[in-house]
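Thank you all for coming; I would like to take a few minutes to walk through one model with you. Please have a look at the sequence and the structure first, and then I will begin with a single residue.

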Amino acid sequence: MQEIDYKSALSRMASYCSKSEQCIKNVIEKMAKWELTKEEKEEIIHYLIQEKYIDERRYAEFYAKDKHRFQQWGKNKIGMMLRAKEISEENIRNALSLIESDDYEEQLYELLESKFKKIKYESLYDAKGKLFRYGCSKGFESELVLKTCDKIINESLKK
């Protein structure tokens, strides 16, 4: 445990939240190692929310966009990770709705097509299974992954 007074903790948390989007759970975890009372921690969180340092809706939107764009995650995985951060279902639904469906499907196609070129397989059935598992592990919906796998396999047969 690290000894820190209320004012320093408040200042550090405001600085932490102003550098990048944070959620309440991240702030609580950051403060866990400090010797603050429960009331002081609650006051800090209340202040950060009131002053718009923390906005869980904004956090969910940025998180979803970043994970989709840079980590190439699907909606299932993004939603699961946001739930782990204790973000409300309403904020999760809102954030996931901001992901463009055309961009989403195109990203999955490019991801699976790239994977298809790299994998070793004995049959197209084997290849389809590997692609399906990979797409699902990235958090994309199984129906969409299956449809995209079929498209890639069919295109490979035409070549």
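Is Asp-150 buried, partly exposed or exposed? Asp-150 is partly exposed, its relative accessible area being 29%, where buried means under 20% relative accessible area, exposed means over 50%, and partly exposed is what lies in between, with a 1.4 Å probe and protein chains only. The accessible areas themselves come from the Shrake-Rupley method with a 1.4 Å probe, and for residues only the protein chains shown count as cover.

Before I go further, a word on the basis of these values. This is a predicted model, in which local features need pLDDT of at least 70 and side-chain atom pairs count only at pLDDT 80 or more, while totals for chains, interfaces and linings use all residues. Residues are numbered from 1 along each chain as its sequence is written, and side-chain values use heavy atoms, with hydrogens and water left out.

Let me turn to the overall fold. The protein has 9 helices and 0 strands, where helices (H or I, at least four residues) and strands (E, at least two) are DSSP runs numbered from the N terminus, and the pattern along the sequence reads α-α-α-α-α-α-α-α-α. The radius of gyration of the protein is 21 Å, whereas a compact globule of 159 residues would have one near 15 Å; this radius is taken over C-alpha atoms, and the globule rule is 2.2 Å times the number of residues to the power 0.38. Along the principal axes, the C-alpha trace spans about 70 × 30 × 20 Å, and 35% of the 159 residues count as buried.

Now to the charged pairs. In general, side chains of opposite charge can pair when their charged atoms come close. For this model a salt bridge is a side-chain nitrogen of Lys or Arg within 4 Å of a carboxyl oxygen of Asp or Glu, and by this rule the count comes to 6 salt bridges.

Asp-150, with which I began, forms one of them with Lys-128, at 2.5 Å from N to O. Because Asp-150 lies in helix α9 (residues 142-158) and Lys-128 in helix α8, this pair ties together parts that are 22 residues apart in sequence. Lys-128 is partly exposed, with a relative accessible area of 26%.

Helix α8 (residues 124-137) also holds both Asp-126 and Lys-130, which are 4 residues apart, about one turn of the helix, and whose side chains meet in a salt bridge at 4.0 Å, N to O. Asp-126 is partly exposed at 24% relative accessibility, and Lys-130 is partly exposed at 30%.

A further salt bridge joins Arg-83 and Glu-89, with the closest N and O atoms 2.7 Å apart. Arg-83 is partly exposed at 42% relative accessible area, and Glu-89 is partly exposed at 34%.

What about charges that gather on the surface? Here patches are made of residues with over 30% relative accessible area and no salt bridge, with like charges joined within 9 Å and nonpolar side chains (Val, Leu, Ile, Met, Phe, Trp, Tyr) within 5 Å. Lys and Arg count as positive and Asp and Glu as negative, while His and the chain ends are not counted, and the place of a charge is taken as NZ of Lys, CZ of Arg, CG of Asp or CD of Glu.

A negative patch on the surface brings together Glu-100, Asp-102, Asp-103, Glu-105, Glu-106 and Glu-110. Asp-102, one of this group, lies in helix α7 (residues 101-118) and counts as exposed at 65% relative accessibility. Arg-12, Lys-19, Lys-30 and Lys-33 form a positive surface patch, and of these Arg-12 is found in helix α1 (residues 6-19), where Arg-12 is partly exposed at 41% relative accessibility.

Finally, the loops. Lys-52 has a phi near 65 degrees, a positive value in a residue other than glycine; Lys-52 sits in the loop between α3 and α4 and is exposed at 56% relative accessibility. Asp-55 is also found in the loop between α3 (38-50) and α4 (56-70), and Asp-55 is partly exposed at 25%. Glu-86, in the loop between α5 (75-84) and α6 (89-97), likewise has a positive phi near 65 degrees, and Glu-86 is exposed at 59% relative accessibility.
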